[in-house]
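Hello,

Here is the structure I promised to pass on. My notes follow below it.

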Amino acid sequence: AQKITQTQPGMFVQEKEAVTLDCTYDTSDQSYGLFWYKQPSSGEMIFLIYQGSYDEQNATEGRYSLNFQKARKSANLVISASQLGDSAMYFCAMREVNAGNNRKLIWGLGTSLAVNP
Amino acid sequence: SQTIHQWPATLVQPVGSPLSLECTVEGTSNPNLYWYRQAAGRGLQLLFYSVGIGQISSEVPQNLSASRPQDRQFILSSKKLLLSDSGFYLCAWRGWGYTFGSGTRLTVV
């Protein structure tokens, strides 16, 4: 069965430094998509970055990049030059395509990131 | 552009009272819609999804139900709330990616 594992319940990083949030996944599908979302204390879920299973290049969106290692089934999020506003929960998710073609998201349990000044 | 609206933002309800949370989407037609629940400090649990009017799929047996009376409206309901229904409820719409509403924080007392 599809599964997302985030092994870091909490992470700390100094402002302006880079941080890597780990995500491993398990799927037997050849076609899948991987997402990272940020959830600040307000609760809204903010889309950060997407990686398709057939994408050869690692996805990048501003200060966010996704270190995609398909053979290892990992999709780690790298945040460069951390800012205080990056303090939040971060969730990794995988898009599942079931027989009914309803593409549900499988979620990890999240990593709480605290950026220290 | 597509937007998703969810209300209310916060709700405190007594045990045994009914519940109705509403989610509407603008700027698209026939969207796939989802209701998620997030317990404190936990990940998201998919409750219901809908691929069209009147079409509801339930992921987890529970005290809640969902309805989709209109193409861009998705409602989460309960006849009698339990303490365990407390949590943060998020509605989402699937386009290219997934866009979430701002959430409803429900506290059952």
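In chain A, strand β2 (residues 10-14) runs parallel to β12(A), joined by 5 bridges. Strands here are DSSP runs of E, at least two residues, numbered from the N terminus. They pair if DSSP finds at least two bridges between them. Val13(A) sits opposite Val115(A) in β12(A).

This is a predicted model, where local features need pLDDT of at least 70, side-chain atom pairs count only at pLDDT 80 or more, and totals for chains, interfaces and linings use all residues. Residues are numbered from 1 along each chain as its sequence is written, chains are lettered from A in the order in which they are written, and side-chain values use heavy atoms, without hydrogens and water.

Now β12 itself, residues 111-116 of chain A: its side chains alternate. Thr111(A), Leu113(A) and Val115(A) point to one face and are buried (under 20% relative accessible area, 1.4 Å probe, protein chains only).

Next, the two chains. The contact (heavy atoms within 4.5 Å) takes 21 residues from chain A and 20 residues from chain B. How much area is buried between chain B and chain A? About 1,600 Å², with carbon and sulfur atoms giving 56%. Buried area is the accessible area (1.4 Å probe) that two parts lose on being put together, summed over both. In chain B, Trp96(B), Tyr98(B) and Phe100(B) lose the most area to chain A. Together they make up 35% of what that side buries.

Best wishes

Methods
Buried < 20%, exposed > 50% of the residue type's maximum accessible area, 1.4 Å probe, protein only. Helix = DSSP H or I, 4+ residues; strand = E, 2+ residues; numbered from the N terminus.
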